[in-house]
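Have the model open while you read.

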Amino acid sequence: MLWWVFLCLEENTMGMSANTIQMCVGNGETCKRLTQSGVQSLPCPGPTLCEFGKGGLCKPYGRLNVKVGKDDDLGTFIFRTTGYNSIRTLAARLSYYQAVSGGLLTYMPLELKLRGKSTTQSHRTPIYYVDLVIRRGYHFTRRWPRQEKPSGW
């Protein structure tokens, strides 16, 4: 499952990152914001429409939790990123695979791929992002997830 939020930070007057204060955490719908009266739950219009975002203080933060392998129930991996391209790509891929698998995304053999691209905006230097693809050696058809679904599901 991919969770992504916007972290809005405020640096101290000296600009040192070690003294950065997390002011707001939101998901584009709701947020928890540090105010003078404490932490409050408020509506979150997104990073471009809130007071922190307009000042350039918000950045995306994504976290993808995945189970690794079949044998170990506790064998999990957490991929964390603040890269907009990775968050956007992972969210799109997960939504697509969920739809084409008929809601059986859990059983799809997937792997993370590091990809690079360059644009005029990046001055033709490579920008790296993470993509989610079907594991090498597997061929996706609309029928295979249902055939591999465990009994009792």
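I21 is partly exposed because its relative accessible area is 42%, which falls between the cut-offs for buried (under 20%) and exposed (over 50%), using a 1.4 Å probe and protein chains only. This is a predicted model, where local features need pLDDT of at least 70 and side-chain atom pairs count only at pLDDT 80 or more, while totals for chains, interfaces and linings use all residues. Residues are numbered from 1 along each chain as its sequence is written, and side-chain values use heavy atoms, with hydrogens and water left out.

Now for R33: buried or exposed? R33 counts as buried, because its relative accessibility is 11%. Leaving out residues up to four places away in sequence, R33 touches M23, C24, G38, V39, Q40, L42, C50, E51 and F52; a contact means heavy atoms within 4.5 Å.

Here's where the two residues sit:

| Residue | Strand | Strand range |
|---|---|---|
| I21 | β2 | residues 21–26 |
| R33 | β3 | residues 30–35 |

Zooming out, the protein chain has 3 helices and 8 strands, taken as DSSP runs (helices H or I, at least four residues; strands E, at least two). Their order along the sequence is β-β-β-β-α-β-β-α-β-β-α. Of the 153 residues in the protein chain, 27% are buried.
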